[in-house]
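I opened this structure for the first time today. These are my notes on what I looked up, in the order I went.

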Amino acid sequence: QVQLLQSGGGLVQAGDSLRLSCAVSGGTFSRYAMAWFRQAPGKEREFVAAINWSGGSTEYADSIVKGRFSVSRDNDKSAAYLQMNSHEPEDTAIYYCAARKATIQTLPGSYENWGQGTQVTVSS
């Protein structure tokens with residue numbers, strides 16, 4: 001079984017930065033596509049960013065990311081990351097990492113393995 005453990009959330013001021021981490025155990029991490037989603041109160045879970053198994057291909061929700069975020073992975077450490085810069089209050093949400101044994105997808109239902117989620121709160 002695959003297990004995803006997240007860390008790095010917290011309370012930040014607008015304009016500050018955070019780095020979210022997702023450590024994966026079990027399975028073959030180097031063959032998984034990794035993605036980040038977020039869910040704000042009263043809203044549906046939405047796609048943020050993803051990276052394929054080799055790290056050579058990435059995809060972003062441009063309307064959300066707006067050039068501020070960067071997804072990466074380290075297969076030697078079995079970990080994925082989301083670097084978030086220039087935070088805005090609209091970024092406040094629970095952030096989830098997810099993994100699937102295939103190519104990048106942007107729909108939550110396409111991912112079979114999920115982290116526990118971490119709260120990111122951005123103050124004005």
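**Lys 43.** I started with Lys 43 and asked for its accessibility. Lys 43 is exposed, because its relative accessible area of 58% is over the 50% cut-off. I then looked up where Lys 43 sits: the loop between β4 and β5. I also checked Lys 43 against Pro 108. The two are 65 residues apart in sequence. Their C-alpha atoms are 14 Å apart in space. I reminded myself here that this is a predicted model.

**Overall fold.** Next I listed the secondary structure. I found 1 helix and 11 strands in the protein. Along the sequence the order reads β-β-β-β-β-β-α-β-β-β-β-β.

**Inside and surface.** Of the 124 residues, 41% are buried. The exposed surface comes to about 6,200 Å². Carbon and sulfur atoms supply 45% of that surface. Residues 24 or more positions apart account for 56% of them. The protein has 11 positive and 11 negative charges. Their mean positions are 6 Å apart.

**Aromatic rings.** I searched for ring pairs, and the structure holds 5 aromatic pairs. I opened the pair of Phe 37 and Phe 47. Their ring centres are 5.7 Å apart. Their planes meet at 75°, so I logged the pair as edge-to-face. Where in the chain do these two residues lie? Phe 37 is in strand β4, residues 33–39. Phe 47 is in strand β5, residues 46–51.

Phe 37 has 0% relative accessibility and counts as buried. Phe 47 is buried too, with a relative accessible area of 10%.

Tyr 111 counts as buried at 5% relative accessibility. Trp 114 is partly exposed, because its relative accessible area of 26% falls between the 20% and 50% cut-offs. Phe 37, Phe 47, Tyr 96, Tyr 111 and Trp 114 form one aromatic cluster.

**Two serines.** Last, I looked at backbone angles. Ser 78 has a phi near 50°, a positive value in a residue other than glycine. Ser 78 lies in the loop between β7 (69–74) and β8 (79–84). With a relative accessible area of 23%, Ser 78 is partly exposed.

Which value does phi take at Ser 86? It is near 50°, again positive in a residue other than glycine. I found Ser 86 in the loop between β8 and β9 (93–100). At 39% relative accessibility, Ser 86 counts as partly exposed.

Conventions. Residues numbered from 1 in each chain as written. Predicted model: local features only at pLDDT ≥ 70, side-chain atom pairs only at ≥ 80, totals over all residues. Heavy atoms only, no water. Helix = DSSP H or I, 4+ residues; strand = E, 2+ residues; numbered from the N terminus. Buried < 20%, exposed > 50% of the residue type's maximum accessible area, 1.4 Å probe, protein only. Contact = heavy atoms within 4.5 Å. Areas by Shrake-Rupley, 256 points an atom, 1.4 Å probe, with all protein chains shown as cover. Lys, Arg positive; Asp, Glu negative; His and termini not counted. Charge placed at Lys NZ, Arg CZ, Asp CG, Glu CD. Phe/Tyr/Trp six-rings, centres within 6.5 Å; stacked < 30°, edge-to-face > 60°.
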